[in-house]
Structures are given as C-alpha cells and as structure tokens.
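Work through the exercises below with the model open beside you. Try each task before reading its solution.

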Amino acid sequence: MKKRSLIVLFLIVALTTLAACGKQKAEPSTTATPASGAGEKAAVTLKVGATAVPHAEILESVKDKLKAEGVNLEIKVFTDYVLPNTQLSEKQLDANFFQHLPYLEEFNKNKGTKLVSVGTVHIEPFGGYSRKVKAVGELKDGATIAIPNDPSNGGRALALLEKNGLIKLKEGVGIAGTAKDIVENKKNFKIKELEAAMLPRVLDEVDLALINTNYALEAKLVPAKDALFVEDKDSPYANIIAAREDNAKSDAVQKLIKALQTPEVKKFIEDKYQGSILPAF
C-alpha cells in the first residue's frame, strides 16, 4: 500500500514539474525585437492631402525613399481647395500639398486657421485657354472670360488678363484685385467667377478660361502647347508643403520636404511635365 502511495506521489510531482516547464516555454518575451534591427525606431505614418495632378504624382515619386527612412507616406487625393486645409487644421491630415502661399495666407485670414508653409516644391504657370479662338486678339466684344472664384487665384487671373492687354485694373491693386477693380474693359468682357476645379469643364461654354495648371493637366491640357498665354516662369506662386504650427518641425514632416527638394525630384518634374511645371528649389 505504501509502495503504491509513493508511486502516485512521484507521478504527481513529475507531472507538476513538466507542466511548469511547458508554461515557461510558452510565455512570450517581454522585450520586443525591432523587425529591422535592434534600436531602430518604429515606422510612422504621415497623412498628406493633395490634388491628383501633379501633387499626388510628385508625392508618389518619394514614397520609397521615405519608407526607407521610417516614414510611411499615405496620400489622400482631393478635388477642391478647401477640404485639404480644413482637414489639416482638424488634424485629420499631417500636411498637404496643393496650394501656393498667397492662397494659404488668405485661407488663414478668412478661416482663422494657423497653417504654415514648410517649403516650396514647384511652380505651375497659370494660363488662359480657349476652344473658340486661337489668339487673344480674336476675342469678340462681350466675350465671356471665366476665372477662379477664390480671392488669391481670382486676383492672379485678373492680373494676368491685364498683363495681356485685355483689361486694366485700379492702380496698385496687383494680385489682390477683384472684378470691382477693373477700370477699363474696352470690349465689355463678361467676367464669370467659378470654382477652380470647374473651369476645364466649362471651356466649351466660355470664350476664355484662366485655369490652374493642376486642373489643366487633369483635363489633358498642356500649358506649353494649349494655353494662349501663361505666367512667366519667375511667378511668385510656388506650390508649397503646408503643415500646422504644432507639427511643422516634426521629424516626419521635415523628412518629407527634404525628400521633395532633391535633384531626383527636380529631374522627375522636368522629365514628366516638360515645362508645364517648373521646380521651385
């Protein structure tokens, strides 16, 4: 009887020991090992809003470079000029790429936002397009000219019309001019203000439309070939990367602008857009 009890006790002790050893082996390590080597920081995701052409295309060209530096670039494409800034301000985005500084400053002023420029990337020469005439001199009395309805691009369009002899603006207004500042309009042109994204769509309905290059390219218009006139290449309207005051100097945002301002991106812009878009760095 005693012998049987000793055997049972021995079996209980042995099974308990084996169970403890098995449990110890199954428990995961409390120290995580980085996938790409000890001491390496985890990758961060950078959400950037952009219009499709050329902004999203340019961003795509630096995705791999940023990934190698620990930044996963997530691009959200927009078709308007308001939501990218609104969502950036509300922290739904970390940065955006679609606008020039005059537009950003006007947006901040009107909306009370505090968005800032991180750096310039390229210039999109603004142009005048028509499917009804081949030269500005062919525009008839009372012709309809469509321009963007946002203040910065509207003033920019009017200044370009003045430069090409179609109207005269009140002295000194420059790019801040509005239709009310037109002091001379010999051919009684009708100025029609529309949302910038709509301008390529109404090209058949108006006599002349002044279109931002990104929307012109989306509509398969080539500024260097199809525009009746364009801004000079020294235009001050360089497109920028914008961020918030609280994250503009973050590591990820700084890596983004550094990746964009490289000889490789300059060559990408020159080769892909053939003068329709110019590097601004």
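This is a predicted model: local features need pLDDT of at least 70, side-chain atom pairs count only at pLDDT 80 or more; totals for chains, interfaces and linings use all residues.

Residues are numbered from 1 along each chain as its sequence is written, and side-chain values use heavy atoms, with hydrogens and water left out.

**Exercise 1.** Locate Thr 79 and decide whether Thr 79 is buried or exposed.

Solution. 
1. Thr 79 sits in the loop between strand 2 (71-78) and helix 4 (83-89). Helices (H or I, at least four residues) and strands (E, at least two) are DSSP runs, numbered from the N terminus.
2. Buried means under 20% relative accessible area, exposed over 50%, and partly exposed in between (1.4 Å probe, protein chains only).
3. Thr 79 has 57% relative accessibility and therefore counts as exposed.
4. With neighbours within four places in sequence left aside, Thr 79 is in contact (heavy atoms within 4.5 Å) with Ala 197 and Tyr 215.

**Exercise 2.** Find the buried residues of helix 5 and state how they are arranged around its axis.

Solution. 
1. Helix 5 covers residues 101-111.
2. Its buried residues are Tyr 103, Leu 104, Phe 107 and Asn 108.
3. These residues lie on the same side of helix 5, because they cover an arc of only 135 degrees around the axis. The arc is that of the directions from the helix axis to the C-beta atoms.
4. The elements covering them include helix 4, strand 3, strand 4 (115-123), helix 6 and strand 12 (238-244).
5. Just after helix 5, Gly 112 has a positive phi of about 75 degrees.

**Exercise 3.** Describe the lining of the second largest pocket.

Solution. 
1. On a 1 Å grid over the protein atoms alone, a pocket is an open set of points with protein on both sides within 12 Å along at least five of seven lines; lining residues have an atom within 4 Å of a point.
2. The lining has 15 residues, and Tyr 81, Val 82, Tyr 103, Asp 150 and Pro 151 lie nearest the centre of the pocket.
3. Helix 5 gives the most to this lining, with 5 residues.
4. By type, the lining divides into 8 nonpolar, 2 polar and 5 charged residues. Ala, Val, Leu, Ile, Met, Phe, Trp, Tyr, Cys and Pro count as nonpolar, Asp, Glu, Lys and Arg as charged, and the others, Gly among them, as polar.

Notes:
On a 1 Å grid over the protein atoms alone, a cavity is a set of points where a 1.4 Å probe fits but cannot get out, and a pocket is an open set with protein on both sides within 12 Å along at least five of seven lines; lining residues have an atom within 4 Å of a point.
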